[in-house]
Amino acid sequence: MADAGPLDELDDLFSGQHGSTGGHGSAGGHGSTGQRGSVGGAAARSGRPGDVLIVMSAKGGVGKSTTSLNLAQYAAEYGPDGYRVTLIDANRGQGDVRTYLRLHNARTATIYDAARTGDPATGLLTPSDIAQFRDARWGSVDFALIPAPPSSLADPEVVTARVYADAIAYAREVSDLVVVDTQISEEHDTTNLWDRALIPLLREGAWCLSITQPIPPAVKNLIERLQWFDQIGIGPARVMSFVNMVDEGDAETADALVTRLGQVSTCLGWIPQDADVESASSLGRFVTDNPNFGPVLATALSNVTGLPGFDPSRHDEAPVGLLGRLLGRRKGR
Ligand SMILES: Nc1ncnc2c1ncn2[C@@H]1O[C@H](COP(=O)(O)OP(=O)(O)OP(=O)(O)O)[C@@H](O)[C@H]1O
Ligand SMILES: [Mg+2]
């Protein structure tokens with residue numbers, strides 16, 4: 001860890017004094033088995049509980065929900081036959097996942113049902129449940145989902161941290177991989193969801209993918225959170241990161257941030273501001289084959305699961321994709 005405080009470091013980073021290229025840590029992986037069948041069906045998967053990947057940031061609007069949705073779809077698309085994935089929207093107040101999936105007008109089950117009944121299974125939508133509610137022209141959704149409660153039912157006394165912890169535990173029983181989209185992680189956790197449901201999982205070996213935009217408050221807050229994670233035993237090997245929405249012309253700053261984040265996490269690189277990503281989100285579509293997003297999704301999933309299907313080299317042809325940057329390739333070289 002660097003001795004300078006985060007603000008000092010940021011001044012340096014944003015004034016472009018560091019010119020290094022992106023670092024890339026490595027993380028051990030492990031295999032996972034699964035059975036074909038609908039998630040949430042009677043036949044629970046055999047073996048150990050599913051892997052958990054928690055998507056976090058220390059500032060809003062950096063791309064957590066976009067990344068969570070695409071991680072879940074990527075894993076379901078490219079995982080082995082029968083690989084089962086569940087996405088949990090752990091934004092209690094403002095869950096955007098249903099909106100991004102164009103399910104916001106549908107009366108679907110949500111985590112509120114899990115709280116009401118005491119049975120997490122009642123809050124889960126299988127891929128075929130989702131297909132009933134979602135217009136087929138937006139494409140299929142291949143993962144299961146536990147949506148956030150409607151805002152009118154987001155009472156923290158009812159939809160408690162315990163409800164989320166139970167929902168994640170249940171999802172791990174019926175899935176090979178559980179992706180958790182979150183609200184921002186702050187020092188004083190007003191939601192209790194981090195302190196009571198997510199931090200304990202990270203301490204037990206869950207993985208984290210943290211995201212920041214290349215703007216000083218977002219980076220400062222994230223570095224402080226990741227330093228704190230490290231202090232409480234959640235070390236860089238299981239905590240990944242990337243810089244999102246880098247503007248054209250800011251590559252040097254982004255490279256420096258990647259190096260800095262590599263000191264407190266396994267930094268996967270940076271992704272530019274990409275109009276296709278933005279328009280796909282507003283159309284309810286995925287960007288699993290996007291040359292910028294695809295490699296970061298693959299690398300994260302490969303680190304978590306160790307499965308060959310997530311080998312990021314499938315995106316090697318990407319002209320200026322993330323892997324290109326990691327390897328020092330740039331357009332025009
Ligand atoms: N690389 C990218 N290029 C362009 N737009 C992007 C990129 N990544 C995400 N976005 C867009 O940024 C917006 C915010 O993304 P998203 O909702 O995923 O952020 P969030 O971190 O989940 O926000 P919140 O903190 O409100 O939950 C969306 O419109 C999304 O399409
Ligand atoms: Mg979000």
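# Exercises on a predicted fold

Met-240 stands opposite Thr-266 in strand S7. The exercises start from this pair. The model is predicted: local features need pLDDT of at least 70, side-chain atom pairs count only at pLDDT 80 or more, and totals for chains, interfaces and linings use all residues. Residues are numbered from 1 along each chain as its sequence is written, while chains are lettered from A and ligands numbered from 1 in the order in which they are written.

## Exercise 1: the whole chain

Count the helices and strands, then find the buried share of the chain.

*Step 1.* The protein chain holds 12 helices and seven strands. Helices (H or I, at least four residues) and strands (E, at least two) are DSSP runs, numbered from the N terminus.

*Step 2.* Of the 333 residues, 52% are buried. A residue is buried with 20 or more other C-beta atoms within 10 Å of its own, exposed with 12 or fewer, and partly exposed in between; C-beta atoms are placed from the backbone.

*Step 3.* Take the contacts with a separation of 6 or more: residues 24 or more positions apart account for 76% of them. Contact means C-beta atoms, placed from the backbone, within 7 Å.

## Exercise 2: strands S5, S6 and S7

Trace the pairing from S1 through S5 and S6 to S7.

*Step 1.* S1 and S5 run parallel, joined by four bridges. Strands pair if DSSP finds at least two bridges between them. Val-55 has Leu-209 of S5 as its bridge partner.

*Step 2.* S5 also pairs with S6, in the parallel sense, over five bridges. Here Leu-209 stands opposite Met-240 of S6. Helix H8 (residues 216-231) carries the chain from S5 to S6 in a right-handed β-α-β crossover. Right-handed means that, with the strands pointing away from the viewer, the path from the first strand over the helix to the second runs clockwise.

*Step 3.* S6 and S7 (residues 266-272) run parallel, with four bridges between them. The chain passes from S6 through helix H9 (residues 251-261) to S7, again as a right-handed β-α-β crossover.

*Step 4.* Now check burial. Six of the six residues of S5 (residues 207-212) are buried. Trp-207, Leu-209 and Ile-211 cover one side, with Cys-208, Ser-210 and Thr-212 on the other. In S6, eight of the eight residues are buried, so this strand is largely enclosed by the rest of the structure.

## Exercise 3: helix H6

Find the span of H6 and the elements that its buried residues pack against.

*Step 1.* H6 (residues 161-174) has 14 residues. Its first and last C-alpha atoms are 20 Å apart, close to the 20 Å expected at 1.5 Å a residue. The expected span is 1.5 Å times one less than the number of residues.

*Step 2.* Its buried residues include Val-163, Tyr-164, Ile-168 and Arg-172.

*Step 3.* The buried residues pack against several elements, among them S1 (51-56), S4 (177-182) and helix H7 (193-203).

Terms used: Two residues are in contact if their C-beta atoms, placed from the backbone, lie within 7 Å.
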